[in-house]
Amino acid sequence: MTEQVHDVAIIGGGVCGTALMYLLTEYTDIQHIALVEKYDHVAKVNSNGRNNSQTLHCGDIETNYTLEKAAKVKAAAQMIVNYADELAERDEIIFKYPKMVLGVGEKECAMLRERFERFRTVFTSMQLLEKEQIAEIEPNVVMVDGKMREEPCVALAVLDEYSAVDYQRLAESFVDQAQKRTDKDLKLFLNSHVEDIIEKDGVFSIVTQNAVIKAKTVVVSAGGHSLLLAQQMGYGLELSCLPVAGSFYFTPPLLNGKVYTVQNDKLPFAAVHGDPDVLIEGKTRFGPTALLLPMLERYNSKTFFEFLRVLKLDSRVMKVFWDLFKVKDIRNYILKNFLFEVPLLRRWLFMKDARKIVPSLQLKDVTFAKGFGGVRPQLIDKKSSQLMLGEAKINPGTGIVFNMTPSPGATSCLENAELDLRFVCGRLGAQIDETRLRADLH
């Protein structure tokens, strides 16, 4: 009996890997598809709702996005809405909350007013809210002891669109939908930690502790581990990985929807925001703080040694660290976020930050969200000594690609899966049902 060689193997069962499995199953004539996941269930790491901000990023309230990038992200987010809208379990996967970005003080208010004029052409449902209108939607944002807060405030808001996603449920639905296609040979290899990938004569051997899985093409969507596997094969050696961990805090239900704050354009980290938690009823979740953490997974200390292998610390990486620390805003931010990890101090420090959103917030209302928060693999290009922002992909041209997708990676899961689908089909000479793909998702 000859050993089976799959047409494609996907490494990583998060929302990006499962999205690709679904697209390949549903919209191509590829027959033999394997999904390889190291845990006993899909989406247990960064796609788990505890480990991300559960946000469907649309580019409308993210002030660090240019109009061009915002339009691109909006199209990617719409693919998720179009997919989920047809599902019986839609209301368990995507959620409608009002959302806004809040400007506080003259400078931020002026910036949001100007941004509204430019962005309203693409985001036609966006509204510019004055303080009194904000009070109608989010009273705790502008009211203190029954009076309006003193600082000038405006908000850009979208009040009736899908804004939150349970990305683990989304990943599970991709698997469920793919498995309904009984005409395809679909194999899930769970509890399968990939130790090595070996290419020989145009076939990739994926070595796990249980088996060797063979495939003609491979797509790796495994967060920071994607870079680790790439470098084991000799690819991406010019890159280094700096894992950034996010922590969150819970309060009573102080917000009705998502409230973001204006991004500091000197910081490559998300500004503080508050969101209703889709997993825990009756809680508002604030965050994230950002901590440089020497692990590829937040709550898996075994990944410390894997981190050391992808950090590849040398003078060029140290130059990036030095350049970051030379910027006052970044230096102060990093130092403050170390203090956020001090148990007795962090609640008080975070309360001061979160009061930008809810000025009446009290210390007794703030609790550290233990067990919440994931890790984002922030890449460093050692050739240019630059921190890389946005998604990254390594394609050596041999039939394998490696995806490393920081925020808004989960939002772009279907968009990125479509890119990988075209790569796989191009390698295999497979057919894509373009008409159905466009009608269903675009």
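Residues are numbered from 1 along each chain as its sequence is written. In this predicted model, local features need pLDDT of at least 70, side-chain atom pairs count only at pLDDT 80 or more, and totals for chains, interfaces and linings use all residues, while side-chain values use heavy atoms, with hydrogens and water left out.

Figure 1. Helices (H or I, at least four residues) and strands (E, at least two) are DSSP runs, numbered from the N terminus. The C-alpha trace spans about 80 × 50 × 35 Å along its principal axes. A compact globule of 442 residues would have a radius of gyration near 22 Å, and the chain agrees, with 22 Å. That radius is taken over C-alpha atoms, and the globule rule is 2.2 Å times the number of residues to the power 0.38. Of the 442 residues, 56% count as buried; buried means under 20% relative accessible area, exposed over 50%, and partly exposed in between (1.4 Å probe, protein chains only).

**Figure 2. Helix α10, residues 315-326.** The 12 residues of α10 reach 16 Å from first C-alpha to last, close to the 16 Å expected at 1.5 Å a residue. The expected span is 1.5 Å times one less than the number of residues. Asp314 caps the N-terminal end of α10, with a side-chain oxygen 3.0 Å from the backbone nitrogen of Arg316. A polar contact is a pair of N or O atoms within 3.5 Å; within protein, one must be able to donate a hydrogen and the other to accept it, and residues adjacent in sequence count only if both atoms are side-chain atoms.

**Figure 3. The two sides of α10.** Val317, Val320 and Leu324 are the buried residues of α10. They cover an arc of only 55° around the axis, which puts them on the same side of α10. The arc is that of the directions from the helix axis to the C-beta atoms. An α-helix has 3.6 residues a turn, so residues three or four places apart point the same way. Ser315, Trp322 and Lys326 are exposed on the other side of α10.

**Figure 4. Helix α7, residues 167-179.** α7 is mostly covered, with 11 of its 13 residues buried. Among them are Tyr167, Leu170, Phe174 and Val175. Asp166 caps the N-terminal end of α7: one of its side-chain oxygens lies 3.2 Å from the backbone nitrogen of Gln168.

**Figure 5. Packing partners of α7.** The elements against which the buried residues of α7 pack include α1 (15-27), α2 (67-84) and α13 (413-428).

Technical notes: Contact = heavy atoms within 4.5 Å.
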